[in-house]
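Please read it beside the sequence and the coordinates.

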Amino acid sequence: MINLAKGMKKKNENLKLFEKIIPTILLIIASISVLTSIGIVLTLIVDAVHFFKEIPFREIFSTELAPLKAENASFGFLPLIAGTFITSAIAMFVAIPIGLTAAIYLSEFSTVTRRKIIKPIIEVLAGIPTIVYGFFAYSFVTPLLMKLIPSLEAKNALSPGIVMGIMIIPIVTSLSEDAMNAVPSSIREGALALGATKLEVAFKVIVPAAISGIITSFVLAISRAIGETMIVTIASGSAKNFTLDVTKPMQTMTAYIVEFTSGDAGSGTTGYYSLYAVGLILFIFTLLMNLLAKYITKKYRKEY
Amino acid sequence: MNNNSYILDQQFKNQQCSGKGMKAYIDMEVAHKRMKRRILLDKVMRRLFSFTIVFALLVLGLLLYQVVSQSLGWLDIQFLTSRLSISAEKAGIKGVIIGSILLMVVVAPVTLFLGVGTAVYMEEYSKKGALQSLINMNISNLSGVPSVIFGLLGLTVFGRLFQLGSSVLAGGLTLSLLVLPIIVVSSQEALRSVPNFLREASYALGATKWTTVWKIVLPTALPGIMTGAILSLSRAIGETAPLVVLGIPTLILRTPSNIMDDFTSLPIQIYYWTLDTVLTKEYANLAAATIVVLLVLLFIMNSVAIVIRNKFQTRY
């Protein structure tokens, strides 16, 4: 009897110990995500510092990028930044009108059952791997566009820009639709009772009321477009042109990173370190976009 | 006196607003015209808006049609069961499929362990405060980081620092970190949906905190957690950029056998074949056939996730 009690006491003590260390173990697991962020920032900064030791900071604003030249290699990142912004701008040019009107249709005009069917199908677009879009852009959209614009080159900025726009339609549609749905029906009905048509309700009442959510969806979509890699790597080529002509090949920051790591830059060369400098610029851009999105939701969100 | 004039004033106003007086202020013809225009605009725009949806669906259909039609005649048993080859006719993706499966063998347990662990800590153990909001903010920021950047992290930390090179393990760990935010957020939601009375009933029976979490909360939240896990796996299986950045070699004819081997996965093979269409035209067909395999795989995974969510989730 005493033995049994002793045994139970011991087991209890073991349990108590276990119970005490569990939170610590879980805390360690949870801190891995924080470590990941720290790791990202550190790897980027440490190797970018190597880069800036060899290349003066001023040079990255030059328009000439020739990292693999044996002599006088130059590291102007402006072509990459321009390429990134041009492809993203084309993408937004496609995604904003289509995504927003689709959202307005779903939230204001369509019936509930229709919305329940259509929304998941549109979200399928977001679930397709980007490599598939890259293949689609290169083997279908580019040849199609070449028939319309004869001067278009096999690798260009236009086709990946358009396909990227299609890829981010679901982000705009889904988030804007959520924002518009969150506007209470009483406001909608009030406007309808005053004699407004549904279209007027949508544009003069619902969109202004949901504007913070809509803008946030735009910003997140831009951030996604800036960070998108495979579509531009495949379809817009690796020529480091500094141009505004969308029919010409261009390289984005992401495509530069991919080209270089899968290419011949040996570890420890300036070319290798330039990856991290480009990565750091890319990281800062997307981080700013994401923080902006958060700021907009926080500052301008109306609670009904 | 004052009172009287007020009443007169009111009568005058009433007269203006009713009957004959109205015409002077609202021209009914103009109003009708305007109303017609507004209603017409409403109808036209409604059509136009619904067309944008048709457009999006059309693109989706076109993409699927394009890929499937290009893969016709190439996607057969021989393609699925033979090894990679330089010759387009002989090439098969057996090794590539095994590479993708090995990758999942690494990603699934690692993300599940890290993701659910983090979610349990956040929902069940941590107190509201600076630390919790730090981890929350960190996770939402992490989900916005482009996948190439994760590739650079993997290249530096797993590839170079831990000397894992471009093995399955290095790729798997990189992808695990990439999809971590997805599984953390969905597990948090699943844990939050477990009603408090279950926890309280467990405590009332004398269970400790961990026993409650392990035997009551986690089993109840399991469908939600599994849905999130499958979704994050399907994101990982389609991811290309981080693996390419890790430096996966262009052509691996050998089939990987364990997680320390070099490998290629489905998306990477699609990438290389698409790039090399300039050299060999038939590679486009091989890429399309591989895409079909990848899409079918994703479709199955997502269907399973939806079934689990609909069938096993209890609502309280």
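This is a predicted model: local features need pLDDT of at least 70, side-chain atom pairs count only at pLDDT 80 or more; totals for chains, interfaces and linings use all residues.

## Domain 1 and domain 2 of chain A

A salt bridge is here a side-chain nitrogen of Lys or Arg within 4 Å of a carboxyl oxygen of Asp or Glu. Polar contacts between domain 1 of chain A and domain 2 of chain A come to 1 residue pair, counted with both residues at pLDDT 80 or more. By class, the side of domain 1 of chain A that touches domain 2 of chain A is made up of 7 nonpolar, 2 polar and 2 charged residues.

The domain assignment of chain A places domain 1 at residues 2-54 and domain 2 at residues 74-300, and the centres of domain 1 of chain A and domain 2 of chain A, taken over C-alpha atoms, are 37 Å apart. To the contact, domain 1 of chain A brings 11 residues and domain 2 of chain A brings 10 residues. The area buried between domain 1 of chain A and domain 2 of chain A is about 960 Å², with 81% of it on carbon and sulfur atoms. On the side of domain 1 of chain A, the residues that lose the most area to domain 2 of chain A are L44(A), D47(A) and F51(A), which together account for 56% of what that side buries.

## Chain A against chain B

Between chain A and chain B, about 6300 Å² is buried, of which 78% lies on carbon and sulfur atoms. Of the area that chain A buries against chain B, L26(A), I29(A) and F135(A) supply 10%, more than any other three residues. In terms of contacts, 73 residues of chain A meet 74 residues of chain B.

How many salt bridges are there between chain A and chain B? The count is 1 salt bridge, and the side chains of R38(B) and E200(A) meet in a salt bridge with an N to O distance of 2.7 Å. Polar contacts between chain A and chain B number 15 residue pairs, again with both residues at pLDDT 80 or more. Helix α1 (residues 2-54) of chain A gives the most to the side of chain A that touches chain B, namely 18 residues. By class, that side of chain A holds 46 nonpolar, 21 polar and 6 charged residues.

A polar atom of the side chain of S217(A) lies 2.7 Å from the backbone oxygen of I214(A). Leaving aside residues up to four places away in sequence, S217(A) touches I171(A), V172(A), L175(A) and S176(A).

## The make-up of chain B

The secondary structure of chain B consists of 12 helices and 0 strands, and read along the sequence chain B follows the pattern α-α-α-α-α-α-α-α-α-α-α-α. Chain B has 316 residues, 48% of which count as buried. Among the contacts in chain B with a separation of 6 or more, 73% are between residues 24 or more positions apart.

How values were computed: Residues are numbered from 1 along each chain as its sequence is written. Chains are lettered from A and ligands numbered from 1 in the order in which they are written. Side-chain values use heavy atoms; hydrogens and water are left out. Domain bounds come from an automatic or database domain assignment. Contact means heavy atoms within 4.5 Å. Buried area is the accessible area (1.4 Å probe) that two parts lose on being put together, summed over both. A polar contact is a pair of N or O atoms within 3.5 Å; within protein, one must be able to donate a hydrogen and the other to accept it, and residues adjacent in sequence count only if both atoms are side-chain atoms. Ala, Val, Leu, Ile, Met, Phe, Trp, Tyr, Cys and Pro count as nonpolar, Asp, Glu, Lys and Arg as charged, and the others, Gly among them, as polar. Helices (H or I, at least four residues) and strands (E, at least two) are DSSP runs, numbered from the N terminus. Buried means under 20% relative accessible area, exposed over 50%, partly exposed in between (1.4 Å probe, protein chains only).
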